[in-house]
Each structure stands twice: as C-alpha cells, then as structure tokens.
Amino acid sequence: MASSSFDIDAPRWDQSTFMGRLNHFFNITDWRTVTLPNSRLDEAKALVDSCRAGSVPPGTTEEQLHYAKKLYDSAFHPDTGDRMNLIGRMSFQVPGGMAITGLMLQFYRTVPAVVFWQWVNQSFNALVNYTNRNAASPITPKQIGVAYFTATSTALATAVGLNLYTKKAPPLVARWVPFVAVASANCVNVPMMRQQEVLNGIAVTDENGNKLGHSKKAAVKGITQVVVSRITMAAPGMIILPIIMQRMEKYKFMQRITYLHGPIQVMLVGAFLVFMVPAACSLFPQRCSMAVSKLEPELRDSIVSQYGQAVKHVYFNKGL
C-alpha cells in the first residue's frame, strides 16, 4: 500500500541520464493512452492531486499511483495542469505521425499531393507545438496564425521547389524531399509558435523552484533543443524508409500489390516512431538548466545581488 508521504512527483528514473529519460518518455508517450476516455484521465488527475495533498485513498497501491501519474503526464500540461487536446499530445505522435509521414512518403511524385500532405503535416505540427509550449508565455491568435502561415509556406516552398528540381535526379533523392521540407519547416514552426518566449523571456527558477525572473537566452536554448528533437524524431523513418521501399519495390510481389504500398509505409513509419518519439524526447532533460553566468547581464546581476554565489544554475521547462 502507498503511504500518505508517497512523493508522486519524484522521478521513477534518473532524469540526468539518457536511459533514465528514455524510460520516462517510453512511459508517458505510450500511444495506448490516447484510447482512454477523458473520464479515466480525470480520475488519474484526481488521484495525483490527492496524493500531492497527502491524502492517498485507502487501499491504493504504489503501482496504481505510478500508473495514474503516467496518465497524468501523458495528457495534462506540466505548467497549467489542464488536459491537453488529444491530437497535440506527445502520446499521439505515433498514430498521428505514422499516418501523415507514411502518406507523405508515398505521395511525393506530384505537386498537388506534395502540397496537400505538407499542409496536413504542418497543421499537425502547429497543433503539437502549441499544445506543448511553455504555457507561462501566452501567445495571441494573430501570432499563432502568423506562425502557422510561415511554417506552412516554408514547407510548401521547400517541398515543391525540391520536387521540381529533382525531376531528373535519382529516384531516391526525390524520396528524401519530404524530410528536407519537414526539417526546414520545424526550424520555423517551433520558434514561431513559441515566439513570445523569445520576445519576453521564459520563467527561470532556482533548484528548489523559486522564481528568479525571465530569460530570453534560456528560451532560445530550450527552443533550439526542441527543434533538434523534432528533426531527430522524423529522421530515421524519413531517411531510412525510402531506401527500404525503393529496394522492396523491385520485387515482383511488391509490384503486384502497389495499392498496399501506402499502408505498408504507414506501418513501417509507426515501427520507427514507437522508438523514435521517446528517444528524441530524451535527448535533452525536460527540466533544462543554464549557468547563471550565461544569462542576460541584468538578470545575472539581479540573481547575484539577491543570492550572491549561492545560485550557480537556473532551471526551466523547455517544452516538448
């Protein structure tokens, strides 16, 4: 049985190591959690809140508390505690990403198909980026619209331009165009969707969670890490899978089932993403840190004047 002193927010795995973070994100990005009804998620949240308040219901086991925390982390925003929309959750990256990416890789030959699937992908990415933003930095509907338009335009321009440019290139090069477009758009989509963090700074705290101020440099570091993670998440499936498909399509049995090429690619992308979603999220700690010496001069001076040399690093949620 779990005691009333059970710390439900204590990490089950060491977050300072990649393997510890990998176990953590395998847990909270589990795609099976998206099939659960909101009522079940709300029950998990209620149990987590009760545990935090020190009133664990009688008969509750530690395993039940761990599972409730898993559902809570998979569906509720870490800053606000609000339930996130289904499509924007990281636990939806496998089913959502495998469908969109698989179809992007299948329908890459014609300009209309490229335009449509890149638009679908950027719409999906924009929702994911907005859902997983640092909620302490609000963004206006106008800024959301500008971010969405800019990222979508970048993806379309890159994909259509390269699609036309690679007409005479080897077939494999043309198959890699979707990845280049996705990577380019991620470099625009994430920073634009989270521009308020760059413009106004992101809240930073000391090791104990005491707020110290806002830092633009911390925001840039966090967003950069998210961009690298997103590109890494997509890379294996969108680079390796085209090589696999090109070789498989030479076989006669594959030539007889061309209508199944799309579903095959969707399933293979899913196989990649089951591992790559948690792996990419694990590249950097969720609770990002930064040396006080690397902060803006005014914030650094403020911290030093209040705490002297006692505070060496600041901490912040980098988002996902």
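Which residues of α1 are buried? In this predicted model, where local features need pLDDT of at least 70 and side-chain atom pairs count only at pLDDT 80 or more, totals for chains, interfaces and linings use all residues. Residues are numbered from 1 along each chain as its sequence is written, and side-chain values use heavy atoms, with hydrogens and water left out.

The buried residues of α1 are Gly 20, Arg 21, Leu 22, His 24, Phe 25, Asn 27 and Ile 28, where buried means under 20% relative accessible area, exposed means over 50%, and partly exposed lies in between, for a 1.4 Å probe and protein chains only. Helices here are DSSP runs of H or I with at least four residues, numbered from the N terminus. An α-helix has 3.6 residues a turn, so residues three or four places apart point the same way. The cover over the buried residues of α1 includes α3 and α12 (261-281).

Helix α1 (residues 18-28) packs against helix α3 (residues 62-75) at an angle of about 80°, with the axes 8 Å apart; the axes are lines fitted to C-alpha atoms over the stretch in contact, and angles run from 0 to 180 degrees between N-to-C directions. The two helices, α1 and α3, are therefore roughly perpendicular to each other, a term that covers angles of 65 to 115 degrees. On the α1 side the contact (heavy atoms within 4.5 Å) is made by His 24, Asn 27 and Ile 28, and on the α3 side by Lys 70, Asp 73 and Ser 74.

Leu 36 belongs to the loop between α1 and α2 (38-52), and this residue is partly exposed, with a relative accessible area of 24%. Once its neighbours within four places in sequence are set aside, Leu 36 is in contact with Leu 41, Tyr 67 and Leu 71. The C-alpha atoms of Leu 36 and Phe 316 are separated by 30 Å, and the two residues are 280 residues apart along the chain.

The aromatic rings come next. The structure holds 6 aromatic pairs, a pair being rings of Phe, Tyr or Trp (its six-membered ring) with centres within 6.5 Å. The rings of Tyr 72 and Phe 76 have centres 5.2 Å apart and planes at 15°, so this pair is stacked, the word for planes under 30 degrees apart. Tyr 72 is buried, with a relative accessible area of 7%, and Phe 76 is buried as well, at 3%. Elsewhere, ring pairs link Phe 116, Trp 117 and Trp 119 into a cluster.

Note on methods. Phe/Tyr/Trp six-rings, centres within 6.5 Å; stacked < 30°, edge-to-face > 60°. Parallel < 35°, antiparallel > 145°, perpendicular 65-115°, else oblique.
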